[in-house]
Amino acid sequence: MSWGAYITGEGGLLAQYDKIACGGIFGQNGSTFAQAQMDHVQTNYTEIIDMVNLMNDPTPGYEKGFTFNQFPFALLRVEEGKVLHAKGKGAGQMFPMTIQKTKQALVIAIGTADAVAGQVSSSVAKIADYLD
């Protein structure tokens, strides 16, 4: 299966939950394996490196939040340095985000404003667990 199929294919990340607005699989070094609606992240790979760093030390994210795909986020929690949960911040931007780290990649999904955070997390986990 190609990397793109893990995002946009039947059974891929976007098919897991219809309220995922964008998603991608990125190498921990910032490389893009596959993505949908994350063109800004693809061209600004440092945002991926910043996410890896937040998983290792979430303190700056808790203090100031972070920007990803041109949107500001509030960091909610990081679980065991492997799963990051955040929400968009600002007027009308209360959308959930989940990132799960595998051995070689990050699986990322951002939901729509009316998405349920748990469903976004579950969708990311299915793909990340399969890749791990």
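This report describes the sheet, helices, aromatic pairs and selected residue contacts of a predicted model.

## Basis of the description

The model is predicted, and local features are given only at pLDDT of at least 70, side-chain atom pairs only at pLDDT 80 or more, while totals for chains, interfaces and linings use all residues. Residues are numbered from 1 along each chain as its sequence is written, and side-chain values use heavy atoms, with hydrogens and water left out.

## The sheet

Seven strands form an open sheet in the order β2-β1-β7-β6-β5-β4-β3, with antiparallel pairing. Its edge strands, each pairing on one side only, are β2 (32-36) and β3 (66-68). On average, neighbouring strands of this sheet are turned by 25° against each other, direction ignored. Strands (E, at least two residues) and helices (H or I, at least four residues) are DSSP runs numbered from the N terminus; two strands pair if DSSP finds at least two bridges between them. Angles run from 0 to 180 degrees between N-to-C directions, with axes as lines fitted to C-alpha atoms, for helices over the stretch in contact.

Strand β4 (residues 71-79) pairs with strand β5 (residues 83-88) in the antiparallel sense over six bridges. Within this pairing, L84 of β5 is the bridge partner of V78, and A86 of β5 is that of L75. The hairpin of β4 and β5 has three residues between the strands, and E80 takes a positive phi near 50° there. On to β6, β5 is joined by five bridges, again antiparallel; here A86 has M97 as its bridge partner in β6. Strand β5 is largely enclosed by the rest of the structure, because five of its six residues are buried. Buried means under 20% relative accessible area, exposed over 50%, and partly exposed in between (1.4 Å probe, protein chains only).

## Helices across the sheet

Helix α4 (residues 46-56) lies across β1 (20-27), β3, β4, β5, β6 (96-101) and β7 (105-111), and runs at about 140° to β3. Its buried residues are E47, I48, M51, V52, L54 and M55. These residues cover an arc of only 160° around the axis, so they lie on the same side of α4; the arc is that of the directions from the helix axis to the C-beta atoms.

Helix α6 (residues 117-131) lies across β1, β5, β6 and β7, running at about 20° to β6.

## Aromatic pairs

Rings of Phe, Tyr and Trp (its six-membered ring) pair if their centres lie within 6.5 Å; planes under 30 degrees apart count as stacked, over 60 as edge-to-face and the rest as tilted. The count by this rule is six aromatic pairs. One of them is the stacked pair of F66 and F73, at 5.5 Å centre to centre with 15° between the planes. F66 is buried at a relative accessible area of 10%, and F73 is buried at 0%.

The pair of F71 and F95 is edge-to-face, because the ring centres are 5.7 Å apart and the planes stand at 85°. This pair links distant parts of the chain, with F71 in strand β4 and F95 in the loop between β5 and β6, 24 residues apart. F71 is partly exposed, with a relative accessible area of 34%, whereas F95 is buried at 10%. Ring pairs also link W3, Y6, F33 and Y130 into a cluster.

Y62 belongs to helix α5 (residues 59-64) and is partly exposed, with a relative accessible area of 43%. Not counting residues up to four places away in sequence, Y62 touches L75, L76, R77 and V78, where contact means heavy atoms within 4.5 Å. A polar atom of the Y62 side chain lies 3.3 Å from the backbone nitrogen of V78. A polar contact is a pair of N or O atoms within 3.5 Å; within protein, one must be able to donate a hydrogen and the other to accept it, and residues adjacent in sequence count only if both atoms are side-chain atoms.

N69 lies in the loop between β3 and β4 and is buried, with a relative accessible area of 7%. The N69 side chain reaches the backbone oxygen of Q37 at 3.3 Å. Leaving aside neighbours within four places in sequence, N69 is in contact with C22, Q37, M38, D39, H40, V41 and E47; of these, E47 is also among the buried residues of α4.
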